[in-house]
Amino acid sequence: LFSTMTWAVQANIYAVIAVPAILFLAYLLATARLYRAIDDRGEGFAPLVVAALAFPVMGLFQPGRIDHHGLQVVLFVLAASAVVGKPGMTNGGLFGACLALSLATGLEMAPFFAVLAAGATLLWISNGSEERMRMIAAGLTLAGLAVASGLLLIPAKAPAGLCDSLNMPLVYAIAAAGGGLAFLGLCSGVMSSMVRTLLALVLAGGVGFAAWTLAPQCLADPY
């Protein structure tokens, strides 16, 4: 964009200043959304100030830093706001999209997103049919975007054993997990909380088994 308005060297300088600033603004907006999801009567800028000054956020979004970590933090905060927000298709789709995009960007945040997914599942176990649309939307969005990421971003000759980025075996496992979440949502109104708990445990075990079977080296020693 900047290269159409100035010389290439100047355009690069403008870009490495603008991109972190845009991500920082997105981070603050995501933080505000999370704050309102926790307390819809919340007012004031105190949470934004704390979020802006939190370590290592100040380093992630400093001018000149161009990497994927800032984007992953933005996606994580957005996903957290979708989990603690009101149940529905919008928050479900947002959570699934953030999870899929974060995994497509890199796998470092996978354990933290697993915690969010566990939280969403606990809400489903507790509230049942109230969480139906959120679970269905999250699962379908996650599965669809995971498959799209695999088809569009992973080269045909890419080795399947890579553990620091998305690979096709993991795409299959993620898509299966998304399908499982959608299935849990569909079954919300026809089972007790005990049955929902058992199904959630079966899904978690199935996803773990699939990941171990398809990419054992990533779970054994990813580095």
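## Starting with contacts

Two residues are in contact here when they have heavy atoms within 4.5 Å of each other. With that in mind, take the contacts in the protein chain between residues at least 6 apart in sequence: 71% of them join residues at least 24 apart. Please keep in mind as you explore that this is a predicted model.

## The overall build

Which elements make up the protein chain? There are 10 helices and 0 strands. Reading from the N terminus, the elements follow the order α-α-α-α-α-α-α-α-α-α. The chain has 223 residues, and 38% of them count as buried.

## Helix α9 and its partner α8

One of its partners is helix α8, made of residues 168–186. The axes of α8 and α9 come within 9 Å and cross at roughly 170°. Angles over 145 degrees count as roughly antiparallel, and α8 and α9 are therefore roughly antiparallel to each other.

Which residues meet where α8 and α9 touch? From α8 come P169, Y172, A173, A177, G180, L181 and L184, and from α9 come L199, A200, L203, V207, A210, A211 and L214. Sorted by class, this contact holds 13 nonpolar residues, 1 polar residue and no charged ones.

## Helix α9 and its partner α6

On the α6 side, the contact is made by T121, W124, I125 and S126, while α9 brings S193, R196, T197 and A200. The residues of this contact divide into 3 nonpolar, 4 polar and 1 charged.

## A salt bridge

How many salt bridges does a search of the whole structure find? The search finds 1. As background, side chains of opposite charge can pair when their charged atoms come close. In this model, the side chains of E131 and R134 meet in a salt bridge, with 2.8 Å from N to O.

Are these two residues buried or exposed? Residues under 20% relative accessible area count as buried. E131 has a relative accessible area of 3%, so E131 is buried. R134 is at 6% relative accessibility and therefore counts as buried as well.

Definitions and conventions
Residues are numbered from 1 along each chain as its sequence is written. This is a predicted model: local features need pLDDT of at least 70, side-chain atom pairs count only at pLDDT 80 or more; totals for chains, interfaces and linings use all residues. Side-chain values use heavy atoms; hydrogens and water are left out. Helices (H or I, at least four residues) and strands (E, at least two) are DSSP runs, numbered from the N terminus. Ala, Val, Leu, Ile, Met, Phe, Trp, Tyr, Cys and Pro count as nonpolar, Asp, Glu, Lys and Arg as charged, and the others, Gly among them, as polar. A salt bridge is a side-chain nitrogen of Lys or Arg within 4 Å of a carboxyl oxygen of Asp or Glu. Buried means under 20% relative accessible area, exposed over 50%, partly exposed in between (1.4 Å probe, protein chains only). Axes are lines fitted to C-alpha atoms, for helices over the stretch in contact, and angles run from 0 to 180 degrees between N-to-C directions. Angles under 35 degrees count as roughly parallel, over 145 as roughly antiparallel, 65 to 115 as roughly perpendicular and the rest as oblique.
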